[in-house]
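Please work through each task with the structure open before turning to its solution.

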Amino acid sequence: MDHSAHTPLSAAELNGETLAGAKIYDTEDNTIGSVSHLHGAGPGAQVVVDIGGFLGIGAKPVALPVAQLNFMRDEAGVVHGLTSSTKEELKALPEHRHG
């Protein structure tokens, strides 16, 4: 996938409504997980990403600063994010606990 042709999201679009369910890809275009929800909005938000699993079962939720992800829209308007981290690096992060 050529992400260079995709439109980066504005800071105002970095909210739970826009990002919920967005797929997260690594630099090799492998799907790492998807956005579960956000804490906050804008550039200072924490994005909770469900890493791995299948259909949400067995996934590990981790919290990342939104600044560590590059969110954009593809040609069809679908929001997705890129990370320079690998799936293994993200799985090594502490599990995000709701509470």
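**Exercise 1: the sheet**

The strands form an open sheet of seven, in the order β1-β6-β7-β2-β3-β4-β5, with mixed pairing. This is a predicted model, in which local features need pLDDT of at least 70, side-chain atom pairs count only at pLDDT 80 or more, and totals for chains, interfaces and linings use all residues. Residues are numbered from 1 along each chain as its sequence is written, and side-chain values use heavy atoms, with hydrogens and water left out.

Task: explain why one side of β1 and of β5 lacks a neighbour in the sheet.

Solution: β1 and β5 (60-65) stand at the edges with a single partner strand each, so one side of each has no neighbour in the sheet. Strands here are DSSP runs of E, at least two residues long, and two of them pair if DSSP finds at least two bridges between them.

**Exercise 2: the partners of β6 and β7**

Task: find which strands pair with β6 (residues 70-73) and β7 (residues 79-82).

Solution: Begin with β1 (residues 7-8), which runs antiparallel to β6 and is joined to it by two bridges, with T7 partnered by R73. Next, β6 and β7 pair in the antiparallel sense over four bridges, N70 standing opposite L82. Five residues separate these two strands in a hairpin, and G77 in the turn has a positive phi of about 85°. Finally, β2 (residues 23-25) pairs with β7 in the parallel sense over three bridges, where K23 stands opposite H80.

**Exercise 3: contacts of L69**

Task: list what L69 touches, leaving out residues up to four places away in sequence.

Solution: With contact taken as heavy atoms within 4.5 Å, L69 touches I24, V47, V49, L64, L82 and T83.
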